[in-house]
Structure formats: structure tokens, C-alpha cells
Amino acid sequence: MQIKPSASIRQNYNEIADLCRSTGEPVYLTKNGEGDLVVMDIEAFTRREELLAVEEDRLAGRAGTTPNELDSYLDSIIDEVEHGKEASV
């Protein structure tokens with residue numbers, strides 16, 4: 001997890017964007033020492049949203065992704081992070 005002051009988004013946008021893309025993790029921005037915003041790479045955000053949708057469906061008892069499909073998807077994300085490959089769904 002990276003924490004930066006909110007002013008850094010104006011001053012160092014490219015650096016923060018590169019950090020989000022290279023780590024796949026969000027960057028937390030603070031204002032006056034308090035949490036203010038979270039910035040993350042669009043691909044990481046999209047993966048997060050997809051996983052949340054699957055979990056919401058599972059909790060609601062709706063048919064969706066099977067455990068094996070989810071395991072395969074998560075394995076591809078882990079492989080992407082470890083080896084810099086793009087995940088395949």
C-alpha cells in the first residue's frame with residue numbers, strides 16, 4: 001500500500017499512475033493528514049469489480065461462476081502479478 005499527500009496527484013500524476021500500474025495496488029491520498037482519496041489502475045479496478053459481482057451473486061444464491069471457474073480466474077490473476085502476463089478469463 002502506498003500513501004501520498006493529495007497534492008502529489010497534481011504534481012506527480014504520471015509517477016502515481018505508473019506506480020498503480022506497476023504494482024496493481026491502489027495509492028491512498030491524504031489531505032491534511034487524513035485519508036481523502038484512493039487511486040487505482042483501471043485494470044485492477046475492473047478485476048475488483050468483477051470479483052465483487054461474483055461474490056454478490058454467490059451470497060445471494062444466484063447461479064454464476066463455478067468455484068472451479070473462479071479458481072482458474074484467480075490463478076490467472078496471480079500468474080499475471082507474478083510474471084507480468086495479462087490474465088485470461
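Analyst: A residue is called exposed when its relative accessible area is over 50%, and buried when that area is under 20%. The model itself is predicted.

User: What makes Asn-32 exposed or buried?

Analyst: The relative accessible area of Asn-32 is 76%. The cut-off for exposed is over 50%, so Asn-32 counts as exposed. Asn-32 sits in the loop between strand E2 (27-31) and strand E3 (34-39).

User: What is the phi of Asn-32?

Analyst: Asn-32 has a positive phi of about 55°, although it is not a glycine. Most residues other than glycine have a negative phi. A positive phi is also found at Gly-24, which follows H2, and there the value is near 75°.

User: How do you know whether Ser-8 is buried or exposed?

Analyst: Ser-8 has a relative accessible area of 7%. Buried means under 20%, so Ser-8 is buried. This residue lies in helix H1 (residues 7-11).

User: Which residues is Ser-8 in contact with, leaving aside its neighbours within four places in sequence?

Analyst: They are Tyr-13, Ile-16 and Leu-29. A contact here requires heavy atoms within 4.5 Å.

User: Why are the buried residues of H2 said to line one face of the helix?

Analyst: Helix H2 (residues 13-23) has Ile-16, Ala-17, Leu-19 and Cys-20 as its buried residues. Viewed down the axis of H2, these fall within an arc of 160°, so they line one face. On the other side of H2, the exposed residues are Asn-14, Arg-21 and Ser-22.

User: What do the buried residues of H2 pack against?

Analyst: Their partners are strand E1 (2-5), H1, E2 and E3.

User: How does the radius of gyration of the protein stand against that of a compact globule?

Analyst: The protein has 16 Å, whereas a compact globule of 89 residues would have a value near 12 Å. The C-alpha trace spans about 45 × 30 × 15 Å along its principal axes. Of the 89 residues, 18% count as buried.

User: How many helices and strands are there, and in what order do they run?

Analyst: The protein has 4 helices and 3 strands. From the N terminus on, the order is β-α-α-β-β-α-α.

User: What share of the contacts with a separation of 6 or more joins residues 24 or more positions apart?

Analyst: That share is 31%.

Definitions and conventions: Residues numbered from 1 in each chain as written. Predicted model: local features only at pLDDT ≥ 70, side-chain atom pairs only at ≥ 80, totals over all residues. Heavy atoms only, no water. Helix = DSSP H or I, 4+ residues; strand = E, 2+ residues; numbered from the N terminus. Rg over C-alpha atoms; globule rule 2.2 N^0.38 Å. Buried < 20%, exposed > 50% of the residue type's maximum accessible area, 1.4 Å probe, protein only. Arc of directions from axis to C-beta.
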